[in-house]
Amino acid sequence: MTVLSLVLGPALSNKLTGMLVLALLCILVVAYGTTIQLVFIAIAEKDYPQSLALATSLPSIFANVGISLGSFTASTTVRFLPLVTVGYVGAVYGALAIILALALRKSASK
């Protein structure tokens, strides 16, 4: 998703490539959301059965937080910069998520 966000700006110069990149981003978002929810539920069933209700609600809660933060960031971005820069700003969030995930993975393996 981060790579597609970086490609989004240049892709928007052509209707076909812009629609293709946006479609791929939509597909990846749905695939990621579904996959992560299934992983949360599987871990909860196996290791923390008492927290199954919480595990099923966390992905949607944080998805809504992400949508709100992304909407705010995008609207602020287009207020000061052209629309094609929104993908680059989204890629910054993607890069931060990758860095955070790697840091959490490293700390969890200790």
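Buried means under 20% relative accessible area, exposed means over 50%, and partly exposed is what lies in between. Keep those cut-offs handy for the close-ups below, which all come from a predicted model.

**View 1. Ser57, a residue of helix α3.** Ser57 has its place in helix α3. Is Ser57 buried, exposed or partly exposed? Its relative accessibility is 23%, so Ser57 counts as partly exposed. Now look for Leu12: it sits 45 residues away from Ser57 along the chain, and the C-alpha atoms of the two are separated by 35 Å.

**View 2. Gly9 and Thr85, a pair from two parts of the chain.** Gly9 belongs to helix α1, which covers residues 2-11. With a relative accessibility of 8%, Gly9 falls under the 20% cut-off and therefore counts as buried. How many residues apart along the chain are Gly9 and Thr85? The answer is 76, yet their C-alpha atoms are separated by 6.0 Å.

View 3. Pick out Leu22, which is found in helix α2, residues 15-47. Leu22 has 40% relative accessibility, so it counts as partly exposed.

**View 4. Helices α2 and α3.** When two helices pack, you describe them by the angle between their axes and the distance between the axes. Here the axes of α2 and α3 (residues 52-80) come within 9 Å and cross at roughly 165°. That angle makes α2 roughly antiparallel to α3, because angles over 145 degrees count that way. As for handedness, the crossing of α2 and α3 is right-handed.

**View 5. Helices α3 and α4.** Move along to α4, which spans residues 86-108. The axes of α3 and α4 come within 10 Å, with a crossing angle of roughly 140°. What do we call this arrangement? The two helices are oblique to each other. α3 passes α4 in a right-handed crossing.

**View 6. Helices α1 and α4.** This is where the helix that holds Gly9 meets α4: the axes of α1 and α4 come within 8 Å and cross at roughly 165°. So α1 is roughly antiparallel to α4. Check the handedness too: α1 passes α4 in a left-handed crossing.

Terms used:
Residues numbered from 1 in each chain as written. Predicted model: local features only at pLDDT ≥ 70, side-chain atom pairs only at ≥ 80, totals over all residues. Heavy atoms only, no water. Helix = DSSP H or I, 4+ residues; strand = E, 2+ residues; numbered from the N terminus. Buried < 20%, exposed > 50% of the residue type's maximum accessible area, 1.4 Å probe, protein only. Axes fitted to C-alpha atoms, helices over the stretch in contact; angles between N-to-C directions. Parallel < 35°, antiparallel > 145°, perpendicular 65-115°, else oblique. Left-handed = near helix turned anticlockwise from the far one by under 90°.
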